[in-house]
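The following exercises ask the reader to work through a two-chain model step by step. Each task is followed by its solution.

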Amino acid sequence: MNLSLITKRIVFLVVVAGIWQGIYALNIFEDIIFPSPLTVVSSLYEGFADGDLVTALGASFRHLFSGLILAILFGTVLGVLLGKSREADETAGMYLVALQSIPSIVWVPLAIMIFGFSEAAVVFVVVLGGTFVMALNVRSAIRSVPPHLLRAARTMGVSGMSQFFRVEIPASVPYFMSGLRLAWAFSWRALMAGELLSNGPGLGYSLRYAQDYARMDQVIGIIIIIGVIGAVVDQLVFSKLEKNVMKRWGIL
Amino acid sequence: MFLEFEDIGKRFGEATENEFEVFKGVNISIENNQFVSILGPSGCGKSTLLSMVAGLEDTSEGAIKLEGQEITGPDPERGMVFQQPSLFPWLTVRENVMFPLKKKRSKKEAEARAEHFLKMVHLSSSSSRYTYELSGGMQQRVAIARALAMDPKVLLMDEPFGALDEQTRHILHRELLSIWEETRKTILFVTHSIQEAIKLSDRVIVMGTRPGRIIADFSIDVPRPRARDDEKVIGWEKHVMELLEKEIDKVLKEELDNESVSYN
C-alpha cells in the first residue's frame, strides 16, 4: 500500500466525520438519535476502558471460532462427499443450495428452542451459517481439479486413494481457500444475528443492550467495531491467504 | 517386436446413434530404441492412439502389446508427456520430478534421480522453484525429466511442443535429440508438424482422416543433426505435404459442405 492511498483513505474518513459533526451542529435531530462523532468515540473508549467491550469481543470470538471450526469440518466432509459421488450430489446437492439460501437469522428461533438462551444456541447458528457455503465451495473445489493433472498422475501409476490424497486434495486448495473466506464471512454475519437475540455475552448482545437503554452512541460504536473486524479479517487474513495460494497454484 | 499394434480400432459412443469410428485396422510394429513419429491432420486419431498406449484410453478392437504383454491400463513403464506440461503447482520442480518415485525408491535415491534428469534437461539450477515461476518451455522440460525419472520402457509424447513458440521449440528439439541419444529410450512422438516429424524421427507414420488410417510409413535415412535446407529433408517434407494435402482438402470440403452458406 503506498502512502497516497493511505492519505486518501484518512482524508475521506475525516471528511465524513466533518460532515457528521456539521449536521450535528445544526441541531436538527435530537441528541439521543444523532450523537456527535466525539460522543461515539468516547463511548467506545469507555467501553474498552471498563472492560465491557473487551469481554463482549472475547465472547464473540469464542463463539465464532468454535462455530467456524465445526462449520469447516462439517462443510469439508459434506463437500468432499458431494464432489466425489455423483449419486450423492444428484440426490442431495440441490437441497444444499436451498439450505445455503436461508438467511442465518431464520435459524435463531430454532436454536433458542433447542438450546435455550445459551451460548450453545449462538454457536449452533454460526455453524449453520458457515457449513453450507463451505460445503458448496469444497464440492466445486473437488470438481474443478484439472483433468489433465489426473491423467498425468495415472500415467505415473498414481490412482485411487493415493491419487485423491496426492493430487485431488492439493489441487483443490485454492477453491478450498475461497470456501474458507466465504465461510468466515457468513459465520460472522450469523454470529451477529445469533447474539442480537441471545442473553449474552457477545458484541451482538451488547448492541441490543445499548438499544434497550437508548444509547445511540454505543449502538453506532459497536456497529463500527463489527464493520472494522469484518473488513480487517477479510483483508489481512483470508484475501491475502487466498491470493498467495492462487498465485502459487498458477490461477492468478 | 518391441511395441505392437494389432488390428486396433476405436469407436466413440459405441452402440448409440451417434457412434463414431475414429479408425480401424491399425497395425504397427515398433522396434526398441527407435524415435517414431505419428503425423497427421487433426481428427485422424493420432492422440487417441497414443493415449491407448499410455493405457488412458481403451481399444475398441485389437490389442497393443509392449514386449508381448498386452496393455490394459496406465503403468510407469510407459511415461507420457502431454501438450500441457501438467506439472503439480504445489510442488517444487524437484518434487515434481520425484512425484512418480515416491514409495518406489528411497527418498535419497529419488532425489539423486531427480537431480540427474533435471541436469539432463538443463534445469538443475531451478530445482527449488515453483512451476508458476517457469516459462512454458521450462515447464515442458520438467515434464520430460519427470517422465524419464520413472525409467519407462517407452516415452510417449503427445504434441509436447505444440503450445511453444518457434524458437523455444527449436531449442527443445535439440535437447530432446540429445536426451534420446543419451538414453536410447523408444520414443513415440505425436505431432501435426511435418517439419518436426522429419527433423526428429527415425521413422514417420502418416495418418489420414475420415476414416483414420495409416496412409504412409517410411524411414528417414538422413544423418542427424538434420539441417533445414538439406535437400533430402526438403524432399521428404514435400512428399509428405503432398500426401497430407489430399487429406486436409477432404476435411475442408466436408466442413464447408456442412456450413453450406448461401450468399443470395
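Helices (H or I, at least four residues) and strands (E, at least two) are DSSP runs, numbered from the N terminus. The model is predicted: local features need pLDDT of at least 70, side-chain atom pairs count only at pLDDT 80 or more, and totals for chains, interfaces and linings use all residues. Residues are numbered from 1 along each chain as its sequence is written, and chains are lettered from A and ligands numbered from 1 in the order in which they are written.

**Exercise 1. Describe the annotated domains of the two chains.**

Step 1. For chain B, an unreviewed UniProt entry places "domain: ABC transporter" at residues 3–234. UniProt positions are given in the numbering used here, feature names are shortened, and annotations may be inferred rather than shown by experiment.

Step 2. That span of chain B is 31% helix and 27% strand, and its end C-alpha atoms lie 30 Å apart.

Step 3. For chain A, an unreviewed UniProt entry places "domain: ABC transmembrane type-1" at residues 57–237. This span is 85% helix and 0% strand, with end C-alpha atoms 18 Å apart.

Step 4. The record for chain A, also unreviewed, gives "transmembrane region" at residues 63–82, 94–115, 121–142 and 219–238. Residues 94–115 of chain A are 73% helix, and their end C-alpha atoms are 28 Å apart. Residues 219–238 of chain A are 100% helix, with end C-alpha atoms 27 Å apart.

**Exercise 2. Determine the overall form of chain B.**

Step 1. Chain B holds seven helices and ten strands. Its C-alpha trace spans about 65 × 45 × 45 Å along the principal axes.

Step 2. Two residues are in contact if their C-beta atoms, placed from the backbone, lie within 7 Å. Of the contacts in chain B between residues at least 6 apart in sequence, 70% join residues at least 24 apart.

**Exercise 3. Locate the nonpolar cores.**

Step 1. A residue is buried if 20 or more other C-beta atoms lie within 10 Å of its own, exposed if 12 or fewer, and partly exposed in between. A nonpolar core is a set of buried Ala, Val, Leu, Ile, Met, Phe, Trp, Tyr and Cys residues joined through C-beta atoms within 7 Å.

Step 2. The largest nonpolar core has 76 residues, and L39(B), V97(B), A145(B), L156(B) and L188(B) have the most contacts inside it. Helix α4 (residues 136–149) of chain B gives the largest share of this core, eight residues.

Step 3. Beyond its neighbours within four places in sequence, L39(B) is in contact with residues including T191(B), I194(B), V206(B) and V240(B).

Step 4. A second, separate core has 38 residues, among them L96(A), V122(A), L136(A) and Y175(A).

**Exercise 4. Is A135(A) buried or exposed?**

Step 1. A135(A) lies in helix α6 (residues 119–143) of chain A.

Step 2. A135(A) is buried, because 27 other C-beta atoms lie within 10 Å.

Step 3. Leaving aside neighbours within four places in sequence, A135(A) is in contact with G75(A), L78(A), G79(A), L82(A) and L96(A).

**Exercise 5. Characterise the side of chain A that touches chain B.**

Step 1. Contacts join 14 residues of chain A to 20 residues of chain B.

Step 2. On the chain A side, α7 (147–155) and α11 (216–248) each give two or more residues. The largest share, six residues, comes from α7(A).
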